[in-house]
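Student: Take one part of this and walk me through it closely, please. I'd like one connected story with the cut-offs spelled out as you go.

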Amino acid sequence: VQLQASGGGLVQAGGSLRLSCAASGRIFSIDTMGWYRQHPGKQRELVARITSDGSTNYPDSVKGRFTISRDNAKNTVYLQMSSLKSEDTAVYYCRVDAKTHGLGYAIAYWGQGTQVTVSS
């Protein structure tokens with residue numbers, strides 16, 4: 001399974017960005033999809049997560065500003081980020097928990113990371 005993330009870039013504080021992550025390969029089904037971020041020198045942290053039935057959860061730091069969604073027909077997960085702050089600057093990674101053909105359990109796959117920089 002390969003993940004291709006896109007949509008990062010430079011934006012001014014208060015602006016918006018939309019990240020996309022498309023999964024491809026021998027996918028049988030996809031369970032949870034999510035976005036994580038990593039600030040320099042810190043551990044990767046959860047930004048948003050969406051289950052196969054559409055349930056979502058966010059940490060307080062992004063709640064009300066970020067929205068995660070998925071298109072199951074395209075095996076793609078999106079992250080709409082609004083009211084961006086300088087502290088949102090980080091490398092953003094998508095994660096997909098997928099079952100491949102012939103494997104009865106899901107494995108976590110990670111995208112390559114996309115840089116989001118918010119200038120104040």
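Tutor: Let's start with C21, which counts as buried because its relative accessibility is 0%. Here buried means under 20% relative accessible area, exposed means over 50%, and partly exposed is in between, with a 1.4 Å probe and protein chains only. Keep in mind that this is a predicted model, so local features need pLDDT of at least 70 and side-chain atom pairs count only at pLDDT 80 or more, while totals for chains, interfaces and linings use all residues. Residues are numbered from 1 along each chain as its sequence is written, and side-chain values use heavy atoms, leaving out hydrogens and water.

C21 is joined to C94 by a disulfide, with S to S at 2.1 Å; the term covers a pair of cysteine sulfur atoms within 2.5 Å. The link ties distant parts of the chain together, since C21 sits in strand β3 and C94 in strand β9 (residues 90–100), 73 residues apart. Strands are DSSP runs of E with at least two residues, and helices are H or I runs of at least four, numbered from the N terminus. The C21 and C94 link is right-handed, with 50 degrees about the S-S bond. A search of the whole structure turns up 1 disulfide. C94 is buried as well, because its relative accessible area is 0%.

Now for the neighbourhood on the β3 side. Strand β3 (residues 17–24) pairs antiparallel with β1 over 5 bridges, where pairing takes at least two DSSP bridges between the strands. S20 in β3 is the bridge partner of S6. Strand β1 (residues 2–6) has a covered face with L3 and A5, and an uncovered one with Q2, Q4 and S6.

Next, the nonpolar core, meaning a set of buried Ala, Val, Leu, Ile, Met, Phe, Trp, Tyr and Cys residues joined through side-chain atoms within 4.5 Å. The largest one has 30 residues, and W35, V47, F66, I68, L79, M81 and Y92 touch the most other members. Its largest share, 5 residues, comes from β9. In soluble globular proteins, nonpolar side chains tend to be buried together. Take L79: leaving aside residues up to four places away in sequence, its contacts (heavy atoms within 4.5 Å) include L17, L19, W35, V47, F66, I68 and Y92.

One last stop is D88, in the loop between β8 and β9. D88 is buried, at a relative accessible area of 0%. Not counting residues up to four places away in sequence, D88 touches R37, R65, F66, S83, V116 and V118.
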